[in-house]
Amino acid sequence: MSAQSMTASWLPALALDELWEGEMIAVEVGTTSVLLVNVDGDVRAYRNRCPHQEWALDEGDFDGEVITCSRHLWEFEACSGAGRNPATASLTGFPCRVTEDGMIQVDVGPG
Ligand code: FES
C-alpha cells in the first residue's frame, strides 16, 4: 500500500471568482462532469447527473438553497445533496476545497 493511495487527488476545477454566491455551474474535472454550487460562500461539488434519470443538473435551477432538476423537478438541498423531494434520493458529492490563491479543487476519486 503506497502513501499516495491514502491521499486525496485534488484537481483544479474553477477559479472561485467565477462562481458567485447563489450560482451553480458545471465543469469538467478530468473526465467527470462536476456541478459546483456556491451556497452562501461555501462551495459544494456534486456529480452533474440527477439520481433519477441522469439528467444534467446544471440545466436545472438553483435558488440559493435548493437545486431543482429541470427534467421532472426533483429537489435537493444544495448544502448537503440530500433529497428534499423525494427525500429518498440524494446527490453524489465530491470532496472540494478552495486554495489560498482562490482555486476550487475537487477530488473526483479514481473514476
Ligand atoms: S431526471 Fe432529474 S428529476 Fe427526473
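## Strands, salt bridges and cores in a predicted Rieske-annotated chain

The UniProt annotation "domain: Rieske", from an unreviewed entry, covers residues 11-105; UniProt positions are given in the numbering used here, feature names are shortened, and annotations may be inferred rather than shown by experiment. This is a predicted model, where local features need pLDDT of at least 70 and side-chain atom pairs count only at pLDDT 80 or more, while totals for chains, interfaces and linings use all residues. Residues are numbered from 1 along each chain as its sequence is written, and side-chain values use heavy atoms, with hydrogens and water left out.

Q: What is the make-up of residues 11-105 in helix and strand?
A: Over that stretch the chain is 0% helix and 46% strand, with the end C-alpha atoms 5 Å apart.

Q: What makes S3 and S4 a pair?
A: Two strands pair if DSSP finds at least two bridges between them. S3 and S4 run antiparallel and are joined by six bridges, so they qualify under that rule.

Q: Which residue in the S3-S4 turn has a positive phi?
A: That's Asp40, at about 55°, although Asp40 is not a glycine. The two strands form a hairpin with two residues between them, and Asp40 is found in the loop between S3 (32-39) and S4 (42-47).

Q: Why is Asp40 called exposed?
A: Exposed means over 50% relative accessible area, buried means under 20%, and partly exposed is in between (1.4 Å probe, protein chains only). Asp40 comes in at 62%, so exposed is the word.

Q: What other residue has a positive phi without being a glycine, and where does it lie?
A: Glu54, with phi of about 70°, lies in the loop between S4 and S5 (61-62). Its relative accessible area is 41%, so Glu54 is called partly exposed.

Q: What makes Arg47 and Glu54 a salt bridge?
A: The label calls for a side-chain nitrogen of Lys or Arg within 4 Å of a carboxyl oxygen of Asp or Glu. Here the closest N and O atoms are 2.9 Å apart, so the pair passes. Arg47 is partly exposed, at 31% relative accessible area. As background, side chains of opposite charge can pair when their charged atoms come close.

Q: How many salt bridges does a search of the whole structure find, and which ones are linked in a network?
A: The search finds three. Glu65, Glu77 and Arg84 are linked in a network: Glu65 and Arg84 have their closest N and O atoms 3.1 Å apart, and Arg84 meets Glu77 at 2.9 Å, N to O.

Q: What does the Glu65-Arg84 pair tie together?
A: Glu65 lies in the loop between S5 and S6 while Arg84 is in S8, so the pair ties together parts that are 19 residues apart in sequence. Glu65 is partly exposed at 46%, and Arg84 is partly exposed at 39%.

Q: What makes a set of residues a nonpolar core, and which members touch the most others in the largest one?
A: Members are buried Ala, Val, Leu, Ile, Met, Phe, Trp, Tyr and Cys residues joined through side-chain atoms within 4.5 Å. The largest core has 14 residues, and Val37, Leu57, Phe62 and Ile67 touch the most other members. S3 supplies the largest share, three residues. A second, separate core of 13 residues includes Ala13, Leu19, Leu36 and Ala45.

Q: Which peptide bond is cis?
A: The one from Asn85 to Pro86, with omega near 5°. Pro86 lies in the loop between S8 (83-85) and S9 (93-94).

Key: Helices (H or I, at least four residues) and strands (E, at least two) are DSSP runs, numbered from the N terminus.
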